[in-house]
Every structure is written in C-alpha cells, then in structure tokens.
Amino acid sequence: MSVFTASRLLGKTVLITGASAGIGAATAVLFAKGGSNLILLARRADQLEKVAEAAYAAHRAASVQQGGQIVTVQLDVTDGSQVAALWSKVPPGLRAVDILVNNAGGAHGIDRVGDIQEKDVDTMFATNVLGLISLTQLLIKDFKSRNAGHIINLGSIAGREPYAGGSVYCASKAAVRAFTASLLREVVDTPIRVTEIQPGMVETEFSLVRYRGDKSAADKVYEGIRPLTAEDIAEEIVWAAARPPHVNIAEVFVLPVNQASATLTFRGGSK
Ligand SMILES: NC(=O)c1ccc[n+]([C@@H]2O[C@H](COP(=O)([O-])OP(=O)(O)OC[C@H]3O[C@@H](n4cnc5c(N)ncnc54)[C@H](OP(=O)(O)O)[C@@H]3O)[C@@H](O)[C@H]2O)c1
C-alpha cells in the first residue's frame, strides 16, 4: 500500500457509485485497505453487502487505525428522488464526503444505428451521463463550501475513440469526457480535484451486461488476450486519489498491453 501513500487516504470518506461489482467493488476494497470510510451505492443490495464485507476484511487485515466505517445504500443513480434522498440514509458523521467516484455505468447491446432499442438509449444516457451529473451536482456545492474534494469519473476508451456498434455507449462516454473536462476548468480557482479514468478492456460484468447475459458472447470479447482486471483500474483510481493535494491527475488512459485502440488488439497470446 505504500506506493499509494496511504496516509493521504486515512479517515477520508469515499462515495462510490456502482459499488456492487467490477471496478466499483474493487475500488471499495482498496480504499478500505488504505484506511478510508466508504459510502457504497448500487441497485443490488445483496451484492453491496458482500462488497462491504470484503472491504471490512481488507480494512481489518491492513491494521490501519482510521477509517473502516462503511454504509451501503441501495440506490439507482437514474432515479432523481432516490439521489435526492441519499443523505437521509447516511449517518451524519459520513456526510462530509472527500472523494466521489462516479463509476456506475455500462453498455447495452452492440446494435447499429437504426436498430437500437429506445430503452437501451435511455438506460445508457440515464446511467452513464445523467446519473453521473446528478451525483456530481449533489456533492459539488458541499465541496465548494468546504474548499475541498475530489471527483473521479469513469470515462472509457469509448469516449476517446468511437467504434461501430458502440454509437450510444461511445456518445455517452464522450459526454462524460466533455462534462469532466468542463468541470476541471470550472474549479481551477479551488483546491477541488477532477479526474477522468479512461480504461480500455477490463474483464468485469461489463460484457455480460452488454451482451444481455450471453456468457459465451461476453467471454469471446476477452479471447486470446489478457484484459485488465477490476483491481488494475481500482489501483489507478486510488493512486490518483492519494496524490498530494496540489497534484491533480486530470486523465488516466489505461490499456491492456495487447490493446492499442478500441478495435486494435493482438490476440496471439493467451490469458
Ligand atoms: N469493463 C470495461 O471494459 C470498461 C471499460 C471502460 C470503462 N468502463 C466503465 O467502468 C464503469 C464500471 O464498469 P464495470 O466494468 O465495473 O462494469 P460492471 O461489472 O457491470 O459494474 C457496473 C456497476 O454499475 C452499477 N450500476 C449500473 N446501473 C446502475 C444504476 N442505474 N444505478 C446504480 N448503479 C448502477 C452496477 O450495480 P447494480 O447492477 O447493482 O446497480 C455495477 O455495480 C462503467 O462506467 C463502465 O462504463 C468499463
């Protein structure tokens, strides 16, 4: 943990959306290991509890004296009334959030324009873009009044490089990129930090969701290549958060070694 300079994470309160699986879950565990408190949000309450247990265990094993308070809140980031009611479910002692990780999101389908279902368009924009904006708006006023805070948004290679079959997902992540870059400029006269993490291929539930539960189609995405893991991205997130307060990691674009672009991969190896 020394590489992250854990002392900078001690006693911090981190709010993570989409903490029930994948990158969000791995990030929760790593922050807990660093001595942070956690507010974990997602729709699947049972999964959130499992992640909270893993985070408690990581905190105990690290033997750090601070942090280790964890609250889970079943919340759909696309539901404005649930977002507005968030603080009523968080103990007062954890309401001063230091780091917001806007991670909830995903891709739905690989359909071409003309064949995309309206509900997939709505879900991707509501979750990846509007949900991220809602949570940011909820926290930024407090960050400004306390002259502190760090917002870490999960963008994607898809926000940098559009590809066929990804029009809506790519558009949603391009929106995340533009929103994050605008926010970075807006808070230039404050100590508030703004970071966008842009992963390439990460093996999580992401492809299973994209292929609507078709496991063999999801597995094919990672065939012959060693993808990133959720833990790899968690390391980038926690590393960005643990930089000294005058250092802002604006963007982290991270790929598996055998991926060079959204569509260029080398699949000669094995996992
Ligand atoms: N995996 C990749 O290759 C990759 C690459 C680049 C960027 N990303 C981005 O990284 C982020 C995390 O993805 P992942 O790979 O970890 O995928 P994942 O394993 O499918 O996890 C997605 C998380 O988002 C949550 N979520 C989805 N809709 C939600 C909603 N309406 N309200 C609250 N939570 C919601 C899910 O929890 P519930 O279902 O319990 O709500 C889950 O915890 C996403 O923004 C994704 O676009 C992923």
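Me: Is D120 buried or exposed?
Reply: D120 is buried, at 3% relative accessibility. Buried means under 20% relative accessible area, exposed over 50%, and partly exposed in between, with a 1.4 Å probe and protein chains only. This is a predicted model, where local features need pLDDT of at least 70, side-chain atom pairs count only at pLDDT 80 or more, and totals for chains, interfaces and linings use all residues. Residues are numbered from 1 along each chain as its sequence is written, and side-chain values use heavy atoms, with hydrogens and water left out.

Me: What does the D120 side chain meet in a salt bridge?
Reply: R212, at 2.7 Å, N to O. A salt bridge here is a side-chain nitrogen of Lys or Arg within 4 Å of a carboxyl oxygen of Asp or Glu.

Me: Why does that pair tie together parts 92 residues apart in sequence?
Reply: Because D120 sits in helix 4 (118-146), while R212 is in the loop between helix 7 (206-210) and helix 8 (215-221). Helices are DSSP runs of H or I with at least four residues, strands are runs of E with at least two, and both are numbered from the N terminus. R212 is partly exposed, at 43%.

Me: OK, new topic. How many salt bridges does the structure hold?
Reply: Eight. One of them pairs R160 with E251 at 3.7 Å, N to O. R160 lies in helix 5 (157-160) and E251 in strand 9 (251-254), so this pair links parts 91 residues apart in sequence.

Me: And which residues do shared partners join into one network?
Reply: D111, K119, D120 and R212.
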